[in-house]
Amino acid sequence: MAEDHELISASEFTKDRLYFATLRNKPKSTVNTHYFCTDEELIYENFYADFGPLNLAQLYRYCCKLNKKLKSFTLSRKKIVHYTSFDQRKRANAAYLIGAYSEASGLWMSQLGSPKCPEGQNMKH
């Protein structure tokens, strides 16, 4: 059950469905879990000595990729794990991608619940 061991240290974004993890080795997908990594696919083109964050075009590509996985019939019963390496730059950009996806898709607000507004005011999110 190495699979369960790796998910213990993962951050759960959607209960029993979407996770984010930092792993030392490239895992193999299993019957219950699909792993994917964008470290070598979505790469930041630095200006000087900086390392990110990734640009909006890359965020869009990530959102499309993740939406496709979440809607896939073949992955519908699997846990989906976006994993990254321990490289600080790749890790920061991977965390940015899943965090921005969570915010853009409304996933974060749905997990937290609707914000409370003072009486007589409207809040749209």
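Analyst: Contact here means heavy atoms within 4.5 Å. By that rule, the buried residues of H2 pack against E2, E3, strand E4 (79–84) and H3. The model is a predicted one.

User: Which residues of H2 are called buried?

Analyst: Buried means under 20% relative accessible area. The buried residues of H2 are Gln 58, Leu 59, Tyr 62, Cys 63, Leu 66 and Lys 69. They cover an arc of only 140 degrees around the axis, and therefore lie on the same side of H2.

User: How do you know what length H2 should have, and what span do its end C-alpha atoms show?

Analyst: At 1.5 Å a residue, the 16 residues of H2 should span 22 Å. The end C-alpha atoms of H2 are 22 Å apart, so the two values agree.

User: What is found at the start of H2?

Analyst: A side-chain oxygen of Asn 55 comes to within 3.0 Å of the backbone nitrogen of Ala 57. The cut-off for a polar contact is 3.5 Å between N or O atoms.

User: Why are Cys 63 and Cys 64 not in a disulfide?

Analyst: A disulfide requires two cysteine sulfur atoms within 2.5 Å. The sulfur of Cys 63 has its closest cysteine sulfur in Cys 64, at 7.0 Å, which is too far for a bond. Cys 64 is likewise in no disulfide. The structure holds zero disulfides.

User: What makes Glu 40 and Lys 90 a salt bridge?

Analyst: The rule asks for a side-chain nitrogen of Lys or Arg within 4 Å of a carboxyl oxygen of Asp or Glu. The closest N and O atoms of Glu 40 and Lys 90 are 2.5 Å apart, and the pair forms a salt bridge. Glu 40 lies in the loop between strand E3 (33–36) and helix H2 (56–71) and Lys 90 in helix H3 (residues 88–105), so the pair ties together parts that are 50 residues apart in sequence. Glu 40 counts as exposed because its relative accessibility is 59%, whereas Lys 90, at 29%, is partly exposed.

User: Which residues are linked in a network of salt bridges?

Analyst: Glu 41, Arg 61 and Lys 65 are linked in this way. Glu 41 meets Arg 61 at 3.8 Å, N to O. Glu 41 is in the loop between E3 and H2 and Arg 61 is in helix H2, 20 residues apart. Lys 65 meets Glu 41 at 2.9 Å, N to O. Lys 65 lies in helix H2, so this pair ties together parts that are 24 residues apart in sequence. By this rule the structure has three salt bridges.

User: What is the phi of Asp 16, and where does this residue lie?

Analyst: Phi of Asp 16 is near 60 degrees, a positive value in a residue other than glycine. Most residues other than glycine have a negative phi. Asp 16 lies in the loop between strand E1 (11–14) and strand E2 (18–22). Asp 16 counts as partly exposed, because its relative accessibility is 46%.

Notes:
Residues numbered from 1 in each chain as written. Predicted model: local features only at pLDDT ≥ 70, side-chain atom pairs only at ≥ 80, totals over all residues. Heavy atoms only, no water. Helix = DSSP H or I, 4+ residues; strand = E, 2+ residues; numbered from the N terminus. Buried < 20%, exposed > 50% of the residue type's maximum accessible area, 1.4 Å probe, protein only. Expected span 1.5 Å × (residues − 1). Arc of directions from axis to C-beta. Polar contact = N/O pair within 3.5 Å; in protein donor to acceptor, adjacent residues only side chain to side chain.
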